[in-house]
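Me: Hi! Could you walk me through this one?
Reply: Happy to, here it comes.

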Amino acid sequence: MQNRNVPKATLQRYPVYLKALRKLQKNGVERIMSKELSSFVDIEPTTIRRDFSFLGNLGKQGYGYDVDKLIDIFNSQLGVDFDEKIILVGAGNLGRALMNYNKWDYVVGEIACAFDVDPAKCGTQFGVEVYPMAELETKIPEGCRIAILTISHDVQETVDRLVQCGINGIVDFTHQHFLVPKGVVIKSIDVVSSIQELVFITNSLETKTQK
């Protein structure tokens, strides 16, 4: 990347752009202006142009951006892999919802398979094959690096097994404490905390409007 000091807010918008660009590419769009892209992502054209400027001189005035070129640059310079094979550990209610959604192909990849300790949950669900946890080491896709964790029991033991299988990124829905070795990244998803934060923010806004 031309400028490594990319603002955090810009980095958070890149996946939004990528998703839109992948959809445009699939629909046969070859070139797009920042104003047109703005209508897809609900981000101001000036912000889009500024965000893209961190990746180099990508567009031409009056011509716009080459969609294929933009996607290639995002892919190579940001290290994004659109064919990332993700595994899901835990095929309960939350796991089923994630398998049903499984529409991230425009951004990061897909849930390649899932695992569960309950034999009744194994089989094919929403087009995703669910294997017994006992088969984790043999059924995990080659080169898989990312796991989504939605279990509530034996979390540390499961994490240890995942790490041994080469997993170095974990999306954690467990709300339980566990340890990982250096080099393994955890992204904890806490819906309750997010709702609490929203309640606090909305209460603050209401208080301000009442003054």
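Me: Among contacts between residues at least 6 apart in sequence, what percentage join residues at least 24 apart?
Reply: That comes to 54% in this protein, where contact means heavy atoms within 4.5 Å. Bear in mind that this is a predicted model: local features need pLDDT of at least 70, side-chain atom pairs count only at pLDDT 80 or more, and totals for chains, interfaces and linings use all residues. Residues are numbered from 1 along each chain as its sequence is written, and side-chain values use heavy atoms, with hydrogens and water left out.

Me: Thanks. How many helices and strands are there?
Reply: The protein has 8 helices and 10 strands. Those are DSSP runs numbered from the N terminus: H or I of at least four residues for helices, E of at least two for strands.

Me: And what share of the residues is buried?
Reply: Of the 211 residues, 36% are buried. Buried means under 20% relative accessible area, exposed over 50%, and partly exposed in between, with a 1.4 Å probe and protein chains only.

Me: Let's do helix packing. At what angle do α1 and α2 cross?
Reply: Helix α1 (residues 8–26) and helix α2 (residues 34–41) cross at roughly 105°, and their axes come within 10 Å. That makes α1 roughly perpendicular to α2; the classes are under 35 degrees for roughly parallel, over 145 for roughly antiparallel, 65 to 115 for roughly perpendicular, and oblique for the rest. The axes are lines fitted to C-alpha atoms, for helices over the stretch in contact, and angles run from 0 to 180 degrees between N-to-C directions.

Me: Which residues meet there?
Reply: From α1 you have Val16, Tyr17, Ala20 and Leu24, which meet Leu37, Phe40 and Val41 of α2. By class, the contact of α1 with α2 has 7 nonpolar, no polar and no charged residues. Here Ala, Val, Leu, Ile, Met, Phe, Trp, Tyr, Cys and Pro count as nonpolar, Asp, Glu, Lys and Arg as charged, and the others, Gly among them, as polar.

Me: What about α1 with α3?
Reply: Helix α3 (residues 45–53) packs against α1 at an angle of about 105°, with the axes 10 Å apart. On the α1 side are Thr10, Arg13, Tyr14 and Tyr17, and on the α3 side Thr47, Ile48, Asp51 and Phe52. That contact divides into 4 nonpolar, 2 polar and 2 charged residues.

Me: Switching to the largest nonpolar core: which residues touch the most other members?
Reply: Tyr17, Leu37, Phe52 and Phe74 do, out of 22 residues. A nonpolar core is a set of buried Ala, Val, Leu, Ile, Met, Phe, Trp, Tyr and Cys residues joined through side-chain atoms within 4.5 Å. The largest share, 6 residues, comes from α1. Apart from this core lies another, of 18 residues, including Cys113 and Phe115.

Me: Nice. How many aromatic pairs are there?
Reply: The count is 4; rings of Phe, Tyr and Trp (its six-membered ring) pair if their centres lie within 6.5 Å, and planes under 30 degrees apart count as stacked, over 60 as edge-to-face and the rest as tilted. Tyr17 and Phe52 form an edge-to-face pair, 5.1 Å centre to centre with 80° between the planes. Tyr17 in α1 and Phe52 in α3 are 35 residues apart.

Me: Is Tyr17 buried or exposed?
Reply: Tyr17 is buried, with a relative accessible area of 0%, and Phe52 is buried at 1%.

Me: Which residues do ring pairs link into a cluster?
Reply: The cluster holds Tyr14, Tyr17, Phe52 and Tyr65.
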